[in-house]
Amino acid sequence: MENIAYYNGTIAPIEQMRVPMDERACYFADGVYDAMFTVGHVPLALDDHLARFYRSAKKVEIDIPMPIGELREMVLDFCRRIDSPDAMAYVQATRGVGPRGHAFRFAGGKASLWVFVKPDVLDPMDRDYRCITMEDTRFLHCDIKTINLLPSVIYTQRAEERGCDETILHRGERVTECAHSNVHILKDGALRTAPCDNLILPGITRAHRIAQCRQMGIPVIEEPFTVREMMEADEVFFTSASALCCRVREIDGKSVGGRDLELIGRIQRAAWDEALCEAGLSGGR
Ligand code: PLP
């Protein structure tokens with residue numbers, strides 16, 4: 001089958017799914033989500049993504065109506081059942097269905113669980129990416145993976161209008177992250193990346209790249225960097241579930257990076273090796 005979806009017990013192709021109008025996702029974007037990509041029908045870093053999903057839900061007091069082990073089996077099953085070996089697997093929990101009203105202790109309230117898997121591919125690592133910068137005007141709980149994505153929608157639209165791939169966000173001089181990925185720099189042989197505080201999403205891919213860099217003996221500095229430091233860095237790259245390690249060569253129309261192709265190449269190869277290994281498609285690193 002081409003794609004598959006689940007909503008509160010119903011399983012059908014995405015196009016056939018219907019949700020009630022009083023679903024709080026519609027009125028308030030009252031929910032959290034997570035997303036991962038598959039290689040060879042295997043969702044990468046599934047356990048890390050599911051752990052973050054349940055953590056996000058806990059932070060906003062949503063009680064996901066399925067034990068993590070059962071959800072894990074469903075995601076794996078869906079990934080195996082669709083035709084495409086390359087796909088996005090998406091999980092979402094919302095506060096459920098109830099009459100519109102901001103407070104959420106309404107009678108009979110029960111969280112909704114949404115899952116879908118549909119064909120999609122990882123962003124290629126053998127090309128250069130172009131970005132724009134914008135002031136980060138989001139709220140101060142960016143560590144929660146909420147479905148309140150209006151700012152990211154606007155940032156991404158602006159990037160697309162300029163023929164670019166991603167929007168790098170900054171609060172004043174401090175670079176935070178991107179519209180839908182984390183951004184990092186390489187300088188003098190070290191990886192520098194913003195610390196995991198309330199201003200960024202603690203990216204699963206970020207954590208994997210950091211762990212690999214440490215394994216490879218590459219120093220990792222988890223400290224904020226400025227827009228200027230980014231523009232003068234040896235390399236700039238972003239990471240997300242779909243972007244294992246994407247090299248940025250242009251920001252706001254100016255050329256950046258390109259000064260440590262050997263190191264960025266090593267990090268990219270390690271990222272791909274890890275993905276293949278997890279998918280059982282290679283002998284490993
Ligand atoms: N930052 C934001 C705002 C994101 O939306 C995402 C992914 O969707 C990331 C970072 C990267 O996180 P991950 O590597 O877990 O996909």
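1. In this predicted model, a side-chain N or O atom of K145 lies 2.8 Å from an oxygen atom of the ligand. E177 also takes part through its side chain, with a polar atom 2.6 Å from a ligand nitrogen. I204 contributes its backbone instead: one of its backbone N or O atoms is 2.8 Å from an oxygen atom of the ligand. The protein covers 91% of the 390 Å² of accessible area that the ligand has on its own.

2. Which residues come nearest to the ligand? Among the 17 residues around the ligand, they are R52, K145, E177, I204 and T205. This shell consists of five nonpolar, eight polar and four charged residues.

3. Two or more residues of the shell around the ligand come from each of α2 (46–59), β9 (174–178) and α5 (204–215).

4. The volume of the largest pocket is about 920 Å³. Its lining comprises 43 residues, and those nearest the centre are Y33, K145, A179, H180 and S181. The helix α4 supplies four residues, the most of any element. By class, the lining holds 20 nonpolar, 14 polar and nine charged residues.

5. The second largest pocket contains about 200 Å³ of space. Of its 15 lining residues, A29, D30, V60, T146 and N148 lie nearest the centre. The elements α1 (24–28) and β3 each give two or more residues to this lining, which has seven nonpolar, five polar and three charged residues.

Methods: Residues are numbered from 1 along each chain as its sequence is written. This is a predicted model: local features need pLDDT of at least 70, side-chain atom pairs count only at pLDDT 80 or more; totals for chains, interfaces and linings use all residues. Side-chain values use heavy atoms; hydrogens and water are left out. A residue is near a molecule or strand if one of its heavy atoms lies within 4 Å of it. A polar contact is a pair of N or O atoms within 3.5 Å; within protein, one must be able to donate a hydrogen and the other to accept it, and residues adjacent in sequence count only if both atoms are side-chain atoms. Accessible areas come from the Shrake-Rupley method with a 1.4 Å probe; for residues, only the protein chains shown count as cover. Ala, Val, Leu, Ile, Met, Phe, Trp, Tyr, Cys and Pro count as nonpolar, Asp, Glu, Lys and Arg as charged, and the others, Gly among them, as polar. On a 1 Å grid over the protein atoms alone, a cavity is a set of points where a 1.4 Å probe fits but cannot get out, and a pocket is an open set with protein on both sides within 12 Å along at least five of seven lines; lining residues have an atom within 4 Å of a point. Grid points are joined across faces, edges and corners, and a volume is the space filled by probe spheres set on the points.
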